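Look at the structure below with the sequence beside it.

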Amino acid sequence: MSVQPFPFPVPDAFELLCAQYAQRMPGSLEELAGPTDGTVDLPLHVVWSGRRSYGLEQPRSRMGLYRTVLAEGQRQDLIAFLNRDLLIAQWPVLRTLISRPIRDVWEAAFPELASATATTAA
């Protein structure tokens, strides 16, 4: 038995993930009005198991929060829990901890993230 090719183009998993993340994007980084200090407790629809509470004063905790929200959050979660200045400041490291589809979509939409990485590398 041989496998027949699909009679229509089938997008690959990378393209599907990029499209999924692109639909969640805020219109601009200025929309990201999340907190800059204190503790953030994520709702169950973002974190359904494991750690839900993150302290923004601890860099590792803050990085974990941003990784989780970027991967699992919807548009309103991104706006509510991420802060523009914190995102830009930690992007050079954060970009190495997130998946390639997330990184590519965010850097394509917001060139200032890619330039923050280039500035840090220089």
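Asp104 and Arg100 form a salt bridge, with their closest N and O atoms 3.3 Å apart. A salt bridge here is a side-chain nitrogen of Lys or Arg within 4 Å of a carboxyl oxygen of Asp or Glu. Both residues lie in helix α5, four residues apart, about one turn of the helix. Asp104 is partly exposed, at 28% relative accessibility. Arg100 is partly exposed too, at 48%. The cut-offs are these: buried is under 20% relative accessible area, exposed is over 50%, and partly exposed is in between (1.4 Å probe, protein chains only).

Some ground rules come next. This is a predicted model, in which local features need pLDDT of at least 70 and side-chain atom pairs count only at pLDDT 80 or more, while totals for chains, interfaces and linings use all residues. Residues are numbered from 1 along each chain as its sequence is written, and side-chain values use heavy atoms, leaving out hydrogens and water.

Now step back to the whole protein. Its secondary structure comes to six helices and two strands. From the N terminus on, the order is α-β-β-α-α-α-α-α. Helices (H or I, at least four residues) and strands (E, at least two) are DSSP runs, numbered from the N terminus. The C-alpha atoms fill a box of roughly 60 × 40 × 25 Å, taken along the principal axes. Of the 122 residues, 39% are buried. The protein exposes about 7,200 Å², and carbon and sulfur atoms supply 58% of that area. Accessible areas come from the Shrake-Rupley method with a 1.4 Å probe; for residues, only the protein chains shown count as cover.

Return to the salt bridges. The count comes to four. One of them joins Glu107 and Arg95, at 2.6 Å from N to O. Glu107 lies in helix α5 (residues 100-109) and Arg95 in the loop between α4 and α5, so this pair ties together parts that are twelve residues apart in sequence. Glu107 counts as buried, at 16% relative accessibility. Another salt bridge joins Asp85 and Arg84, at 2.7 Å from N to O. Asp85 is exposed, at 51%, whereas Arg84 is partly exposed, at 26%. Glu30, Arg84 and Asp85 are linked in a network of salt bridges.

The loop between α4 and α5 also holds Leu97. Leu97 is partly exposed, with a relative accessible area of 37%. Which residues does Leu97 touch, leaving aside its neighbours within four places in sequence? They are Met63 and Arg67. Contact means heavy atoms within 4.5 Å. Leu97 and Met63 are 34 residues apart along the chain, and their C-alpha atoms are separated by 8.8 Å.

Met63 and Arg67 also take part in the contact of α2 with α4. Two packed helices are described by the angle between their axes and the distance between the axes. The axes of α2 (residues 59-72) and α4 (residues 84-94) come within 11 Å and cross at roughly 90 degrees. The two helices are therefore roughly perpendicular to each other, a term for angles of 65 to 115 degrees. From α2, the contact is made by Arg62, Met63, Tyr66, Arg67 and Leu70. From α4 come Leu86, Leu87, Gln90, Trp91, Val93 and Leu94. These residues divide into eight nonpolar, one polar and two charged. Ala, Val, Leu, Ile, Met, Phe, Trp, Tyr, Cys and Pro count as nonpolar, Asp, Glu, Lys and Arg as charged, and the others, Gly among them, as polar.

Notes. Axes are lines fitted to C-alpha atoms, for helices over the stretch in contact, and angles run from 0 to 180 degrees between N-to-C directions. Angles under 35 degrees count as roughly parallel, over 145 as roughly antiparallel, 65 to 115 as roughly perpendicular and the rest as oblique.
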